[in-house]
Amino acid sequence: LPQARKEFSLNFYGGEPLLAFDLIRDVVERTRLLARKTGRRPRFGLTTNGSLLSDDVLAFLASNRFSLTLSYDGTAQNTQRARGSRSFLRERIRRIVKDKRLRLEVNAVFSPEIAPSLASTVRELDALGVSRFRTNLDSSEPWSPQARRRLKSELRRVGQWAGERHRL
């Protein structure tokens, strides 16, 4: 903290940081106390898969004005993760978007298997009110020619949607 700038960021990520929520709470409270004593202003960030975003956790994050990065597989969520996780995360996203104390960015990673859901996921995130999202391609497995053609088709659909949505 002595070397920290007047305003600095502290980010929690790696694995699922909310598994250690009590530790996060302690670190945030201690950081705020030390920062106040030294005239500094901390900002906090958290990257999560969202599975542990309970009401209590969201209240704490909002009261501390966290920036959240949420990993979300969109319309493929239920096939890639726990059943029912899509509806749970959609509800959480709606709540986060409404709370102006929180800043949300969604990160969606597409493998060849779930690339066909790219365009529908982008439309879904927009409908949920998410204004900041990233799409990334999984490079841990090869993309077959067929998967690349499907990806090209999905990207074309995203482009058409963006043109209509934003009157480009």
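Predicted model: local features only at pLDDT ≥ 70, side-chain atom pairs only at ≥ 80, totals over all residues.
Residues are numbered from 1 along each chain as its sequence is written, and side-chain values use heavy atoms, leaving out hydrogens and water.

Next I checked ring pairs (Phe, Tyr and Trp rings, the last by its six-membered ring, with centres within 6.5 Å; planes under 30 degrees apart are stacked, over 60 edge-to-face, the rest tilted). I got 4 aromatic pairs. One of them is Phe-21 with Phe-60, edge-to-face at 5.4 Å centre to centre and 85 degrees between the planes. This pair links distant parts of the chain, 39 residues apart: Phe-21 sits in helix 1 (residues 21–38) and Phe-60 in helix 2 (residues 55–63) (helices are DSSP runs of H or I, at least four residues; strands are E, at least two; both are numbered from the N terminus). Phe-60 and Phe-66 have ring centres 6.2 Å apart and planes at 50 degrees, so I logged that pair as tilted.

Which residues form the aromatic cluster? I found Phe-12, Phe-21, Phe-44, Phe-60 and Phe-66 in it.

Last, the strands. Strand 4 (residues 103–110) and strand 5 (residues 133–137) run parallel, joined by 5 bridges (pairing takes at least two DSSP bridges). I noted Ala-108 bridging to Thr-135 in strand 5.
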